[in-house]
Amino acid sequence: MYLRKFRKFACSALALGIMTGVANAQTTVDFTVAEYSSKTGPFFDEVAAAFEKENPDIDINIEVVPWDTLLQRLTTDIAGGVAPDISIIGTRWLLDFAQQGIAEPLDSYLTPEFKSTFIDTFMQPSVIDGQIMGLPVAASARAMLVNMDLFEKAGATPPTTWEELYEAAKKISALPEIYALGLQGKEIETDAYFYYALWTFGGNILNEDGTSGLDSPEAIEAARFYKKMLDEGLTQPSPTNYSRENVFNLFKQGRVGMIFTFPMLIPQIKAEAPDLDYKVMPFPEKVTKATYGVTDTLMMFADSDVKAEAWKFIEFAYKDEWRSKFDRGEGFLPVTKNVAAEDYYKTNEDIAGFAAGLPYAKFAPTIANWEEIADVTVRALQRIYLEQETPEAALTAAAAEINEIRGK
Amino acid sequence: MPSKLKKSLIYWAFLSPLVVVILFPFAVMLVTAVRPRDELFVYPPRWGFSEFRWDNFAEMWVKTNFGEALFNSLYVSVLSTVLALVLSIPAAYALSRYPFPGKGAYRTFLLMTQMMSPIVLVLGLFRLMVALGMVGNLNSLVLTYAAFNMAFTIWMLQSYFSTIPRDLEEAAWIDGASHLNSLIRIFLPLAVPAMAVTAIFSFINGWNEFVLALTMIRSSDDFTLPVQIYSQVAGRYQVEWHHVMAGTVLATVPVAIVFSWLQKYLIRGMALGAVK
Amino acid sequence: MKSLNGFKPLAMILPGLLLAMFIIGYPVLDLANTSLQEVSRFGQLRGFTGFDNFAEVFSDPLFWGSLKRTAIWTVTVVLGTLVISLPIAIILNDDFYGRGVARVIIMLPWAISLTMTAVVWRWALNGRAGLLNATLMDMGIMTEPIEWLAEAQLAFTVEMMIGILVSIPFTTTIFLGGLSSLPQDSYEASMVDGATRWDQFRYITLPLMKPFINIAIVLNVIYVFNSLPIIWVMTEGGPANGTDILVTYLYKLAFRFGQLGKASAISLIMFGVLLLFTVIYVVLVMRDEKDTAAGEDE
């Protein structure tokens with residue numbers, strides 16, 4: 001291994017001139033991959049190797065980047081003029097990429113057959129101004145996880161409405177050292193934890209006219225509900241010290257009755273808390289049913305010189321066998337119809353529980369400056385949880401700030 | 001009671017709070033690194049565990065491609081240290097021995113280069129490396145680390161060199177030795193402790209640097225240790241904490257050993273007129 | 001002094017100077033250029049806008065809040081480090097049983113990258129799953145777990161303490177160097193005069209250590225002021241921006257919100273602040289040291 005490396009360094013200096021001649025015969029496609037788990041890198045290496053075998057003239061260069069640093073990496077790459085040819089991105093960033101002319105519209109590449117392999121719900125978020133700017137590459141829908149042991153011990157039944165949740169919560173939190181609801185209050189997706197309530201209470205992230213929906217009566221009511229749960233000791237104390245991972249860890253420890261989560265947590269629970277008796281449930285309702293659908297997008301860069309080769313690889317990577325392996329390995333919901341039709345997704349109770357929400361799933365709006373808007377929302381929620389401001393004051397201020405960012 | 005024993009007890013009593021605080025995270029790392037995965041999230045959290053799993057290290061080694069990252073880190077840290085020293089020694093010698101125009105400006109320039117954090121400059125550095133065609137190449141890190149460390153190494157070396165008596169070299173010239181010759185034969189051997197110290201500083205900076213390594217290095221085959229370990233944590237849906245901690249332990253141990261081995265040098269080097 | 005042509009020393013500093021100018025100078029110019037331009041979401045330059053970016057920074061309340069916290073952070077960490085490191089260095093400089101072990105332990109935080117230190121502390125500080133609370137409760141020091149990072153004030157305090165902890169090895173090393181170079185005869189003379197240990201410290205050690213303390217202050221201010229990993233990993237500047245300092249705010253602006261023009265302006269302002277500090281410090285404090293080191297300014 002090390003020898004190879006030494007040779008590489010030696011060669012790169014020596015053979016620079018000669019190499020360029022060779023490089024011309026081979027086309028290299030740079031592919032930036034977000035790292036979902038330790039399986040991600042090896043999986044894409046395998047796909048690339050299989051592809052290169054069929055297409056010896058194309059070289060796929062996989063670059064695996066940790067999720068938290070993906071946006072920074074792409075920003076520096078683009079600013080430095082060395083963007084990759086294709087990349088996995090969070091769909092919430094797609095509009096920024098599209099508006100700046102960095103994403104390549106894919107309509108002219110997509111054959112009708114290829115297009116029809118995708119599930120429409122997941123294709124929709126990638127459509128901007130009528131053009132398809134990317135392909136869904138990973139999808140998840142959120143759901144509630146309940147700890148059945150705790151419910152049994154407390155004599156409560158898993159809730160289907162927020163009122164039932166509140167009643168059950170009172171019973172569960174009566175158990176010693178147990179909290180009823182895990183409440184996230186820190187870092188990535190703190191806002192999502194609030195949207196679950198926002199939507200089911202009948203609110204929306206954006207109003208029809210594009211202004212922020214955070215100051216709507218529904219939003220304020222939803223925030224008040226979370227705050228009431230917190231005040232009455234029905235959630236774990238100090239949510240602002242709990243990131244997504246921390247809340248899930250409480251659940252793995254069997255310390256919390258209910259959490260809102262994604263399907264990727266299931267394999268972790270199986271490995272780290274094999275004895276936990278859990279059940280996947282839809283989100284409680286108030287006015288309407290809702291879940292949060294999240295997709296990641298495969299985007300092609302407009303500046304790429306090797307679009308044809310890149311596209312060839314994309315089509316290859318979307319073959320059923322690869323998609324199936326990827327989705328199962330990472331614990332995602334399938335984005336293509338053929339994989340979704342596999343028995344696994346019907347017979348596996350956990351996955352089916354998450355997939356059940358898809359017909360009424362809501363997606364984060366594709367708008368510019370999404371990260372900044374999410375950050376404003378998170379800070380408002382933190383001020384509420386810390387009792388620095390009332391839900392009404394915090395959300396009204398946040399809505400005003402968001403409207404200013406959006407220029408509304 | 002002998003006074004040395006008494007003194008030692010008092011000293012250790014004074015040091016103990018700090019020692020505890022310093023060792024605490026290392027203890028956390030160690031007990032997390034060797035426990036089975038299903039004991040990561042027990043409640044209440046406890047130090048003990050059912051079985052001592054050395055396998056965690058082996059699994060981690062394979063899974064995170066640790067060996068290669070270790071090699072990359074060594075490559076970058078050693079070469080950047082060598083480069084920084086090779087460039088710093090003549091510069092420090094010039095500063096300590098000769099007057100020359102612009103000397104004051106040069107010193108100010110050195111201090112100013114210390115003030116720029118790589119984080120602040122990361123975009124510009126990246127554009128530079130793109131222009132040089134060195135993105136994704138470990139040597140880009142060698143160059144940047146050396147450049148950022150040089151201010152410190154030159155400074156340390158020059159104040160050390162100033163304490164070496166000039167007579168020794170001058171005596172050699174009279175004997176007919178060439179300037180360069182006297183530098184290599186007489187002067188440099190005397191400067192070894194200072195060079196050891198600056199080398200350690202430079203090495204540690206390279207060993208631990210994170211932001212630039214993350215930005216410049218493309219392929220995960222070329223990741224350095226901090227990036228490799230951080231990528232096990234950052235934004236993953238599944239963080240395998242026992243592997244993360246095992247990786248951290250393994251990345252720390254070599255430096256800790258080097259420390260205890262070289263610490264006499266370290267302090268002597270600092271002592272002999274290091275910073276004035 | 002031997003007469004030498006001025007060319008030789010210049011030739012000796014030139015290679016290093018070129019590398020530094022090239023690697024550090026170019027990005028600084030790039031930064032200055034960027035700060036005066038309108039910059040796209042992904043760092044493409046879109047034409048000059050004068051000082052718009054600076055105006056935007058100065059009208060941003062989060063900038064002023066971060067500036068204030070940066071001052072608190074820097075002053076507290078640097079002072080705390082000095083106050084702890086000096087007695088430690090004095091102890092480690094003395095001869096006692098187990099000194100070798102003590103020296104290695106004090107140096108240990110240096111052996112591990114800041115990012116990983118912060119990751120481990122974050123993991124240990126977790127309110128209900130962390131080993132710190134569990135240990136303190138087992139020992140009966142407290143009955144209820146404390147959520148160390150939930151509120152800005154406590155979180156910031158904890159972060160500053162960790163900041164101090166990781167700065168101690170470097171500072172202690174500098175002090176140890178200073179201490180072991182102190183002339184022993186002045187101590188012996190003072191013993192004859194019947195001076196107490198405190199007198200010795202006050203009138204001999206401290207004045208002689210002054211140049212080392214000055215260096216420790218300048219370097220630590222520079223490092224601490226620019227230090228990202230501890231705060232970033234532990235709280236990302238939250239909750240509600242309560243632990244944001246300039247570097248974390250800048251990182252967020254640049255790489256999360258894509259406001260690279262504004263971020264460049266902040267970088268330059270930060271550089272200006274540090275430069276100002278150093279110049280003032282050098283003029284006020286180090287000058288009256290009557291620096292006798294070889295090679296005074298021309």
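Reader: Which side chains meet in a salt bridge with an N to O distance of 2.7 Å?
Author: Arg142(A) and Glu189(A) do, at 2.7 Å from N to O. Keep in mind that the model is predicted.

Reader: Where do Arg142(A) and Glu189(A) lie in chain A?
Author: Both are in loops. Arg142(A) sits between strand E6 (135–141) and strand E7 (143–147), and Glu189(A) between strand E8 (179–181) and helix H10 (190–200), so their bridge ties together parts 47 residues apart in sequence.

Reader: Is Arg142(A) buried or exposed?
Author: Buried, at 2% relative accessibility. Glu189(A) is buried too, at 16%, because the cut-off for buried is under 20%.

Reader: New topic. What about Arg323(A) and Asp327(A)?
Author: Their side chains form a salt bridge, 3.3 Å from N to O. The two are 4 residues apart in helix H15 (residues 320–330) of chain A, so about one helical turn separates them.

Reader: And how accessible is each one, Arg323(A) and Asp327(A)?
Author: Arg323(A) is buried at 4%. Asp327(A) is buried at 0%.

Reader: Over to chain C. Which residue does Lys262(C) pair with?
Author: Asp60(C), in a salt bridge of 2.9 Å, N to O. This pair links distant parts of the chain, 202 residues apart. Lys262(C) is in helix H12 (residues 260–286), while Asp60(C) is in the loop between helix H2 (52–58) and helix H3 (61–93). Both Lys262(C) and Asp60(C) are buried.

Reader: Which residues are linked in a network?
Author: Glu63(A), Arg73(A) and Asp77(A) are, through salt bridges.

Reader: How many salt bridges over all chains?
Author: The count is 33.

Notes:
Residues are numbered from 1 along each chain as its sequence is written. Chains are lettered from A and ligands numbered from 1 in the order in which they are written. This is a predicted model: local features need pLDDT of at least 70, side-chain atom pairs count only at pLDDT 80 or more; totals for chains, interfaces and linings use all residues. Side-chain values use heavy atoms; hydrogens and water are left out. A salt bridge is a side-chain nitrogen of Lys or Arg within 4 Å of a carboxyl oxygen of Asp or Glu. Buried means under 20% relative accessible area, exposed over 50%, partly exposed in between (1.4 Å probe, protein chains only).
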